[in-house]
Amino acid sequence: MASFLKSRLCIMTSLLLGCGVFSVYAANEPFDLKPIQHNDSLLKLMGKLESARDPKCHATATRLEGLIYGTPLSDDARYKKAEYQQALIRNIWIQATASNPTVELLSLAQIKQATSAFFDIKQLKTTWRVTTPAMSVDIDTRDESHYGSIAYSFRAMLAVQQEALLDLDSDLPMLSDDAAHFITQQIDLVTLSLLKQADNLARINNQHEVSQEDLINSWASLFPVFKPQSLANNTVADPSVAKDNVRKTGLLTDLIEQKIAAFEQYNQVNQTLFARNLQVYFAKLALPKDKQQSADFTRYFTEAMIAFSANFYLQSQAQAGKANVIKEADVAIAMQQLLPHSVNEYEDVIFYQQYPQDKQVVIESYDMDSFRDSGLHWLYFKEALSDLGQQAKLEADPFAAELLSEAIAHYGVLLLRRAGELGKLNNQSELSSALVTSAYESINKEVNNYHQYHPEILPAPVIMSAGSKDNKSIRYFDNVTEKQKVDFEHRSSDWLSRQLRSYLSKNANTGISTIPPAFGGGGVAAEDINGDGLIDILLLSGAGNKLFYNRGGFFEDVTLQSGLQNISQRPGVNAAKKLPGEPRQPLIADWDNDGDQDIMITYVDESHRIYRNNGDGRFTDVTEIAALGGADMIGGPATTVDVNNDGLLDIYIEYFGNYLKGDLPTLKRRNDNGGENVLFINKGNFVFEQAKDALGANNKGWGQAVTHTDLNMDGWQDLIVGNDFGVNSYYINKQGKDFVDYADKIGTSKPSYTMNIGLSDLNHDGIADVYISNIVTMNKDQKYVLPSEETQAEFNPDKLANMRVVEGNDLFISSFDSKGALKYQRSDKVGRGYSSTGWAWDAEFFDADNDGDDDLYVLNGMNDYYVYSTSNPYYADPITGESVNAEFPDAAKASNVFFLNEAGGLVNTSVQSGLDFIGNSRSASYLDFDNDGDLDVLVNNYHDKAKLFENKAETLNNNWLKLSVKGLPAEGVNLDGIGAQIIVGFGEKGYGWRQVSGSQGYMSVHPKEQLFGLGKDNSARVMVIWPNGKRQRFGPLQANNRYTLTYGAAKP
């Protein structure tokens, strides 16, 4: 490195120092790896692909292989997959060579003939059929297109070529361009067959990752007699041969040059924008204005990058041992030694990943992408090899080279980020060479400290299951929608439907589509509204909300006579037509503590409505008195809870961006342009006062779900705020005066596209466990060049129609560290199976079979962007209801999924449940509408009919208990008892936990009366933890009865 400080030859990278960005300098010494002469046609073909279709980074390539079928590959599985690809390519190449011993260039026809000895592939209407000696597998054309956009097979071919050149006994002729293209497509399709089989195995075995064993078994199922060991041994034949004598092919040199060219051609980096990103997002500190200081900073940063790159290469080479090439696995080990980090499902890089969350360094994917778009990481890689000279005794194979370059990019952003942090600590306003040196040393010190760190090992999260199971197998639920006369269909409102098919005017000549954020659907609520002991239901729709009273055998639509106003008050809506508005979240609670249930409904772009129950089955609109806002905003989920323990229920409302103004989320991991959430304090008699900054809970994310619970059990209700396009917040209530977000401290602050928050106590520790419905997406067709956290997300329906969407739901189980602090751990005890919780919305725990443990029902939606692509304008006219033929992607994955709690896990038993219908579901409520002692299910579907399912668990003859609570407002406990936790004990180990919630799930409200399954036990002991933290015991209570538990009352 010392020689680097002398005169230099400037290599043009389009990032010039004169523009305020880096120049990269190379040593005068030539980049000499003493290559073997080789043909570079494969590299050129790969270069054409990557110049035209985005030279995807290692993280993206790795993530796509998991998103294709839904199960990510372990590192060992990914290495094994590459081995199989190379083995098959090599055997095809050898077969073609043996059949044509005199040719120097193998033709397409010759390669096709050789390939036919191993497998056959035919193109059908919408699929490819791959037939191996043992089976046939159909591959979707979309999967083939996406997988083929990344040069997996090209890398494998280059690795085979590299191996052959190093094997002096091998003499493989070159491939014609069309032959090479043919091989890559064929290998892609065989690989997809392999991944599909491995994904199936992982699901069968309830694994959340494809293991190496899965890959091996899947390969054997495709090619029973194929021996991967037939590959040439990848070690030096004579151990006494020194590595100095191992010859290099020169392929690595050419590969690096090709990658530099591909990045330059594809991304066409804007110099000024890169300079802005470096200062604003990477370092978060300004570049030096003085020319000499700028030059010094540039030189020191370049030196630091090359020093790291060279050390990284040598460490990887050391890991390779006596092999002829450096493999990806060697690089991965070296990377964890020099720069310990992991990459999450969103491609964010987490440095020092074993540290607690608040000590980790997280750099978001868009910052990494922006740095990589420049191609600088490949230039540093190149210069490091040049500096190393003869110390670089081995070449990295193409897979290893990708990981090497990516880790170099990760280090670059970390170095800049640390330099900026140190500058701010020293009150410096500009970056400097000294800060680069300090950051370099600081990172090295932190890495050394990290390797000495021993994280506290918390007990593995557990799910408790009922001790005994009834062996009787039943279909739990029957569809009784028509029988019970629940006639309801959700539609978007007239005005929103028209808006979806038009444009917002930005100026006289420009309009933008408003499709993306408008697929929320309507909520559902269930409660005994008229006080007759039967649970009634409220369903929301832009075609008109409906209130159904339970008449003990059927439901009656009483919307008109009840006085619930269905006519939109939104300005601009044609009042003469008396059309409904766009409703979102229903709430049912007793806000005036008069003993009956009132109703509140949030709306889009008009006032949220609230109705006082008159006590006679009719309601009075008190919206103007309450003044809860909503106009000019996109209202969404809401909850009601007493945040200040004054005995009155307050209201918390979330907002979800504003598509009426063209607002869209950015790439920022914590989006803060979704609109400010609000908290209204109940002053009595439906007078509410908006709390300043929501007492600290004025989250500005894109709110999709909200609920409450007492996380720290201090007698004050906390809030859990779920955000789409962001990170969720867990607000601890500081005695009604302030809310503080503890998500980082308790381990729940991971990126999320949250749609739902469900609560249970699965491990029986008295603290709520949390289930988050979440999706992981990849829009393969969308390109961002030099993205930053301010880059607005693109919502092109045609591109989003092909977006990859897989299950990403999180189950957080509570635990405590050695100091007694609350910590949540993610659990993998949720079964897989063939049905997938893809685009999940509402997800709730309830005891479906009354055996005493909580089961889980997850509603699935679908990729609605597909509906609005050019091929499918929409699938049902929202005004006429006329159906339109539309082809939906991944239809099988849109069925709802049911999990039965069994043997310490949640087991996918969707088919047996009767709840696995294919639809586009949004919200659900769990209620015992027929009072037979088990919970039935009501589902509100998006642009479809609602469905009511009757539970047949009574045939299992398990016992049950129904408990209602009654608070005492004078003692600071709301009359509904919302926030109360009820714990029941039965038999020797039986345990049940329920919370009376203002809302839960996705825009869903459940009855406040709680139903507990008791298995075969005949009585239960009960403890109520009231919202103010006071505890009261009742019982034993006899099974199969209903009880009301009153605050302060004597034990019954």
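Helices (H or I, at least four residues) and strands (E, at least two) are DSSP runs, numbered from the N terminus. With that in hand, here are the close-ups, all taken from a predicted model.

**View 1. The whole protein chain, before we zoom in.** Now take the contacts with a separation of 6 or more: 69% of them are between residues 24 or more positions apart.

**View 2. Helix 3 and helix 8, side by side.** Two packed helices are described by the angle between their axes and the distance between the axes. For helix 3 and helix 8, the axes come within 7 Å and cross at roughly 30°. Angles under 35 degrees count as roughly parallel, so helix 3 and helix 8 are roughly parallel to each other. Who touches whom? On the helix 3 side look for D76, A77, K80, K81, Y84 and L88, which meet Q212, L215, I216 and W219 in helix 8.

**View 3. Y84 and W219, a pair of rings.** A pair of aromatic rings is described by the distance of the centres and the angle of the planes. The model has 33 aromatic pairs. In one of them, the ring centres of Y84 and W219 are 4.3 Å apart and the planes sit at 0°, so this pair is stacked. Y84 belongs to helix 3 (residues 75–99) and W219 to helix 8 (residues 212–222), so the pair ties together parts that are 135 residues apart in sequence. Are these two buried or exposed? Both Y84 and W219 are buried.

**View 4. Helix 11 crossing helix 15.** Helix 11 covers residues 291–320 and helix 15 covers residues 398–425; they pack at an angle of about 140°, with their axes 10 Å apart. That angle makes helix 11 oblique to helix 15. The crossing of helix 11 past helix 15 is right-handed. Helix 11 brings several Phe residues to this meeting, including F297, F301, F308 and F312. Among the residues they and their neighbours in the contact list meet on helix 15 are L404, Y411, G412 and L416.

**View 5. Two lysines over rings.** Zoom in on K359 and you'll find it over the face of Y355, at 4.4 Å from the ring centre. Elsewhere, K947 lies over the face of F917, this time at 5.3 Å from the ring centre.

View 6. Most residues other than glycine have a negative phi, and most peptide bonds are trans. E347 isn't a glycine, yet its phi is positive, at about 70°. Find E347 in the loop between strand 9 (341–343) and strand 10 (349–351). With a relative accessible area of 7%, E347 is buried. F725, also not a glycine, has a positive phi of about 55°. Its loop runs between strand 29 (718–724) and strand 30 (726–727). Why does F725 count as buried? Its relative accessible area is 17%, and buried means under 20%. Last stop: the peptide bond from G1035 to P1036 is cis, with omega near 10°. P1036 is part of strand 53, which spans residues 1031–1038.

Note on methods
Residues are numbered from 1 along each chain as its sequence is written. This is a predicted model: local features need pLDDT of at least 70, side-chain atom pairs count only at pLDDT 80 or more; totals for chains, interfaces and linings use all residues. Side-chain values use heavy atoms; hydrogens and water are left out. Buried means under 20% relative accessible area, exposed over 50%, partly exposed in between (1.4 Å probe, protein chains only). Rings of Phe, Tyr and Trp (its six-membered ring) pair if their centres lie within 6.5 Å; planes under 30 degrees apart count as stacked, over 60 as edge-to-face and the rest as tilted. A charge sits over a ring if NZ of Lys or CZ of Arg is within 6 Å of the ring centre and within 35 degrees of the ring normal. Axes are lines fitted to C-alpha atoms, for helices over the stretch in contact, and angles run from 0 to 180 degrees between N-to-C directions. Angles under 35 degrees count as roughly parallel, over 145 as roughly antiparallel, 65 to 115 as roughly perpendicular and the rest as oblique. A crossing is left-handed if the near helix is turned anticlockwise from the far one by less than a right angle, and right-handed if clockwise. Contact means heavy atoms within 4.5 Å.
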